Amino acid sequence: MHTDNPVPYAVGLTTHQSLLPLPQKIVEKFGDAWVKKDNIVGNGAYKLKNHVINEKIEFERNPLYWNDKETVVNSATFLAIENASTDVARYRAGDLDITNYALPPEQFAKLKKELPDEVFTTRTLATYSYEINHTKAPFYDVRVRKALNLALDRNVITDKVLAQGQTPTYVFTPTYIAEGELIQQPAYSKEPMAKRNEEAIKLLEEAGFSKANPLKFTILYNTNENHKKLLLQQPPCGKLILKAWWT
């Protein structure tokens with residue numbers, strides 16, 4: 001592995017799925033179809049047995065796995081359940097052995113109270129963010145991008161909306177990686193939200209937006225219901241000059 005700059009957590013990243021080895025000959029032979037049941041070759045504890053799109057993926061024990069003697073579970077089935085509430089309901093009914101990673105925020109506190117030995121949370125090496133197309137209006141204006149960044153109350157999202165142990169951040173790399181304590185948050189992250197909102201409104205007004213001409217844009221998100229809940233948390237200054245559509 002070669003990096004252009006020092007990356008102290010590089011070794012830890014090798015455990016991420018994006019850096020797992022692939023069978024080059026199989027990929028070259030089948031192209032995108034190499035992941036299909038009859039073509040795929042892996043080196044894990046399980047083999048792909050069946051895959052029904054939008055329904056389920058079934059795995060069976062791989063006798064060629066280097067540590068197969070320590071494998072305890074012989075087979076596993078993963079269901080494609082989009083709705084987190086449905087996921088939890090099926091778990092509580094005994095249909096599932098484990099839920100997906102996304103528990104409904106509105107049920108989290110109740111689940112922790114009622115099932116204290118079954119609800120488990122752990123940190124994930126991930127950062128939730130929005131990608132902005134700065135080549136098109138209105139985001140080619142840096143003042144608009146700065147305004148939305150200032151007005152987004154990350155503490156409300158982590159502490160009130162999600163409330164599952166997430167931490168607010170203003171940088172891309174999680175601070176709980178190796179030597180993460182060296183990562184510095186920007187100065188405005190320590191400013192009161194009232195001051196940040198004032199600055200955001202000023203920037204948007206300078207960019208030509210107002211109550212009569214509100215900022216409008218479209219946000220695309222996948223079918224995860226928690227993503228929609230996050231989008232509904234408009235910044236306070238949005239009550240004055242922000243309007244958005246979700247598609």
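This tour moves through the structure in a few stops, each naming what to select and what is found there.

The model is a predicted one, in which local features require pLDDT of at least 70 and side-chain atom pairs count only at pLDDT 80 or more, while totals for chains, interfaces and linings use all residues. Residues are numbered from 1 along each chain as its sequence is written, and side-chain values rest on heavy atoms, with hydrogens and water left out.

**The sheet**

Begin by selecting strands E1, E2 and E3, which form an open sheet in the order E1-E2-E3 with antiparallel pairing. Strands here are DSSP runs of E with at least two residues, helices are runs of H or I with at least four residues, and both are numbered from the N terminus; two strands pair if DSSP finds at least two bridges between them. Strand E1 (46–52) and strand E3 (75–79) are the edges, and because each has a single partner strand, one side of each is left without a neighbour in the sheet. From one strand to the next the twist averages 20°, where axes are lines fitted to C-alpha atoms, for helices over the stretch in contact, and angles run from 0 to 180 degrees between N-to-C directions.

Leaving aside neighbours within four places in sequence, Thr77 is in contact with Lys56, Ile57 and Glu58, contact meaning heavy atoms within 4.5 Å.

Select Asn62 next, in the loop between E2 and E3. Is this residue buried or exposed? Asn62 counts as buried, at 7% relative accessibility. Its side chain reaches the backbone oxygen of Gly44 at 3.0 Å, a polar contact, that is, a pair of N or O atoms within 3.5 Å in which, within protein, one must be able to donate a hydrogen and the other to accept it, with residues adjacent in sequence counting only if both atoms are side-chain atoms.

**Helix H6**

Move to helix H6 (residues 154–162), where Arg154, Ile157, Thr158, Val161 and Leu162 are buried. These residues lie on the same side of H6, because they cover an arc of only 120° around the axis, the arc being that of the directions from the helix axis to the C-beta atoms. At the start of H6, a side-chain oxygen of Asp153 comes to within 3.1 Å of the backbone nitrogen of Asn155.

**The nonpolar cores**

Finish with the largest nonpolar core, of 17 residues, in which Val144, Leu204, Phe209, Leu215 and Phe217 touch the most other members. Such a core is a set of buried Ala, Val, Leu, Ile, Met, Phe, Trp, Tyr and Cys residues joined through side-chain atoms within 4.5 Å. H5, H7 and strand E4 (215–219) each supply at least two residues of this core, and the largest share, five residues, comes from H5. Apart from this core lies another, of six residues, including Phe108, Leu111, Leu115 and Val119.

How values were computed. Buried < 20%, exposed > 50% of the residue type's maximum accessible area, 1.4 Å probe, protein only.
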